[in-house]
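I opened my notebook to look up salt bridges. Here is what I wrote down.

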Amino acid sequence: MLLLAGALRAVTVPGFARVVAVFSFTVALSTQPVRGVLQHRPPLSNLSANCWSHLHPVNMFNSYNVKSYHSKALKSPYPGSDVERSLVPEDKVGWLIEWKDYNPVEYTAISVLAGPNWADPQINDKGFSPKFNETDGEVERKSLNGLYVVENGRPRNPVGRTGLTGRGLLGRWGPNHAADPVVTRWKRDGSGNKVAHPVTGKNILQFVAIKRRDCGEWAIPGGMVDPGEKISTTLKREFEEEALNSLQKSPEEKAELEKQLHKLFSQEHFVVYRGYVDDPRNTDNAWMETEAVNYHDETGETMDNLPLEAGDDAGIVKWVDISEKLKLYASHSYFIKLVTEKRGAHWSEDLGPECRE
C-alpha cells in the first residue's frame, strides 16, 4: 500500500534554474522494501474528520488542496530546554497560508553547536556549502518526501511552521534520517497457543519496546542512520544496541547475538512507513524522517533465545502487547497500527461505525 499526499511548490535546486518541488508522505506496506502501489481509499466525504485523523495522523487533505499538519512538533518547551516555541495556530501551520507576522524563536542546542561529527556547522560558516536535495558526499540530504524548499539558504520543513528556527537538537539542516525496526511476535499462552483478544477475536501481537532515557516515553528501538550507512545495517545495529545491549557484550557474546539475529533480519519483511515524522525535536529548518520496517518472528523461536537487555539510549526494554491504548514517542503508535493491519492482528475494540469501510 502506498499513501501519497503532496503539494506543488517552486524551489531553487543546485544545477537547475527553477524546479517544481513535490513533497509527499509515503506509507508502504509490501513484502519488499519498496514504495508499493497506490491504494484506493474512500473519499474524505465518506469519513468523519475524527476517523480520517485516526487513520492518517500526519496527512489530511481534500479534493481541492492539501493540508498537512503536525502536532508534536509544535509543543513547548522544546525537548531538553526551557525554550518556548512561538505559538502556531492550526490554520497557520501550512506555508501556503500567508502570515506576515510569523516570528519564530531561533534555537540550536549547545550540544549541536559544539560541532560533534554527527552535526553540520552553522549555515553561514565559512567553507560550509551543503548540497540540499542531493546526496552530499556521505550525508544524505535528499528527503524521503521528495524535494523541499530552500529559502534564504535554509531548508524549509515540508509540513509547515513549527514556531522554531535553527536545528534544536538535530544535527543536520533539512532531513535527519533514522531507521526504526519493529520486531514482533504473537502473544502466546503457557501452552504455546496464540492469544486472541476477547472482544475482537483477533490474535494479539507484541513488539519490542524501549523506554527512552531522554524523555521517558516508550518507543520503537530505532536510531539515526550514520553517514554512508545502508538502512538495513542501521535497522539491525540499532536493535542490537538498544534492545540487546550489544555495545556491552564480549566479542564472543556479540558473535552469538549476530548469528541468532541473522535469521530474523534476513527473512521476509516489509516496509511499514517511509517519510516525515511528527517529532518534538523538529524545527522550521531541521526535521526527522524515518524508514520503519517490520521483522516478524512467526513462531517466536528466534526471539525466545535472545534475552532482552536495555542499552545505549534505552532505560528499559520489554515485549509490549499492541493495542490502540499504546501511547508512544513521536509517530510510533501510527507505525505500530500499520503493522497490525498488515498482520491482521488486534488493534482496537471498536473503531466506531464511521470508521468502517
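**Salt bridge notes**

I began with arginine 274, which counts as buried at 15% relative accessibility. The cut-off for buried is under 20%. I kept in mind that this model is predicted.

Next I looked up the partner. Arginine 274 meets glutamate 291 in a salt bridge, at 2.9 Å from N to O. I placed both residues: arginine 274 is in strand 17 (residues 270-276) and glutamate 291 is in strand 18 (residues 286-297), so the pair ties together parts 17 residues apart in sequence. Glutamate 291 is buried too, with a relative accessible area of 9%.

Then I checked for shared partners. One network takes in Asp226, Glu229, Arg237, Glu238 and Glu241, joined by salt bridges that share partners.

I turned to lysine 187. Its side chain forms a salt bridge with that of aspartate 321, at 2.7 Å from N to O. How many residues apart in sequence are the parts this pair ties together? I found 134, because aspartate 321 lies in strand 19 (residues 314-321) and lysine 187 sits in the loop between strand 13 (174-186) and strand 14 (205-212). Lysine 187 is partly exposed at 25% relative accessibility. Aspartate 321 is partly exposed as well, at 29%.

My last pair was glutamate 98 and lysine 100. Their closest N and O atoms are 3.7 Å apart, and they form a salt bridge. Are these two buried or exposed? Glutamate 98 is exposed, with a relative accessible area of 59%. Lysine 100 is exposed at 74%.

Searching the whole structure gives 20 salt bridges.

Key. Residues are numbered from 1 along each chain as its sequence is written. This is a predicted model: local features need pLDDT of at least 70, side-chain atom pairs count only at pLDDT 80 or more; totals for chains, interfaces and linings use all residues. Side-chain values use heavy atoms; hydrogens and water are left out. A salt bridge is a side-chain nitrogen of Lys or Arg within 4 Å of a carboxyl oxygen of Asp or Glu. Buried means under 20% relative accessible area, exposed over 50%, partly exposed in between (1.4 Å probe, protein chains only). Helices (H or I, at least four residues) and strands (E, at least two) are DSSP runs, numbered from the N terminus.
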